[in-house]
Amino acid sequence: MIFRVLATALLIALASVTLRAAEPAPLPPAVGLSESTAKERAALFAALAVAKSDAEAREIEERLWTFWRSFADDESRQLLVQSREAQLRFDYAGALIYNKAVVKHAPEFAEGWNQLGYVYFLAGQYEASLEAIEHVLALEPMHYAALAGKGIILYYAGKVEEAQAPLKRALAINPWLKERNLIGKDSLPTP
């Protein structure tokens, strides 16, 4: 009788540990989100984590990009459009002017910093790009594209081992990450 009671208690204890272990870890918070937008963000990342195909993941990624861009006000949106137009002309100096204006105007807009980092990358200004990426990650620690960008820049700088950490973190957030094939590589082709 005592054996059955102990066995039952052990099974109940193991079941509760298993249930607790199955609960997802809370997301690191992003700066400036209301409770409802934090829930929307959590739902998007949860959906991305369980995506069953590359196509499904790309749809969720697009929803995340829309979510991140949604925090831009009218002035920031206009500056980002002008930056994009300059990028299409390969005028990275001009694009940088617009992107710098975005982060000056809206310093807590993570996607503004991400776009600044991206244009610095396109312009070959990798140190400045890494600085912008650090701003992105301080505001939105789940920004897998910024993490992947950081990994790529570190690869280009010859810091292959150091590049692995941000890439692995990005892959943990987005299992369908396009850059997933870089994990474990010794080098990349020169840009």
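## Inside a helical predicted model

Start with helix α2: Glu35, Ser36 and Lys39 are exposed and sit on the face turned away from the buried side of α2. Exposed here means over 50% relative accessible area, buried means under 20%, and partly exposed is in between (1.4 Å probe, protein chains only). Helices are DSSP runs (H or I, at least four residues), numbered from the N terminus.

A quick word on the ground rules. This is a predicted model, where local features need pLDDT of at least 70 and side-chain atom pairs count only at pLDDT 80 or more, while totals for chains, interfaces and linings use all residues. Residues are numbered from 1 along each chain as its sequence is written, and side-chain values use heavy atoms, with hydrogens and water left out.

Back to α2. This helix has 15 residues and reaches 21 Å from its first C-alpha to its last, close to the 21 Å expected at 1.5 Å a residue; the expected span is 1.5 Å times one less than the number of residues. On the buried side are Thr37, Arg41, Leu44, Phe45 and Leu48. Viewed down the axis of α2, these buried residues fall within an arc of 95°, so they line one face of the helix. That arc is taken from the directions from the helix axis to the C-beta atoms. The cover over the buried residues of α2 includes α3, α8 and α9, counting contact as heavy atoms within 4.5 Å.

Now the core. A nonpolar core is a set of buried Ala, Val, Leu, Ile, Met, Phe, Trp, Tyr and Cys residues joined through side-chain atoms within 4.5 Å. The largest one has 42 residues, and Phe45, Leu64, Trp68, Trp113, Leu116 and Tyr144 touch the most other members. Helix α8 gives the largest share of this core, eight residues. Apart from it lies another core, of six residues, including Ala72, Val102, Ala106 and Phe109.

There are eight aromatic pairs in the structure. Rings of Phe, Tyr and Trp (its six-membered ring) pair if their centres lie within 6.5 Å; planes under 30 degrees apart count as stacked, over 60 as edge-to-face and the rest as tilted. Two of the pairs are set out here.

| Pair | Centre to centre | Angle between planes | Type |
|---|---|---|---|
| Phe45 and Trp68 | 6.3 Å | 50° | tilted |
| Phe121 and Tyr156 | 6.1 Å | 15° | stacked |

Phe45 lies in α2 and Trp68 in α3, so their pair ties together parts that are 23 residues apart in sequence. Phe121 is partly exposed at 22% relative accessibility, and Tyr156 is partly exposed at 29%.

Glu111 is in α6 and is buried, with a relative accessible area of 2%. Leaving out residues up to four places away in sequence, Glu111 touches Trp65, Trp68, Arg69 and His143. One joins Glu111 to the side chain of Asn114 at 3.1 Å, and another joins Glu111 to that of Gln115 at 2.7 Å.

Ser129, in α7, is buried at 1% relative accessibility. Beyond four places in sequence, Ser129 touches Gly117, Tyr120, Phe121 and Ile153.

Methods. Helices (H or I, at least four residues) and strands (E, at least two) are DSSP runs, numbered from the N terminus. A polar contact is a pair of N or O atoms within 3.5 Å; within protein, one must be able to donate a hydrogen and the other to accept it, and residues adjacent in sequence count only if both atoms are side-chain atoms.
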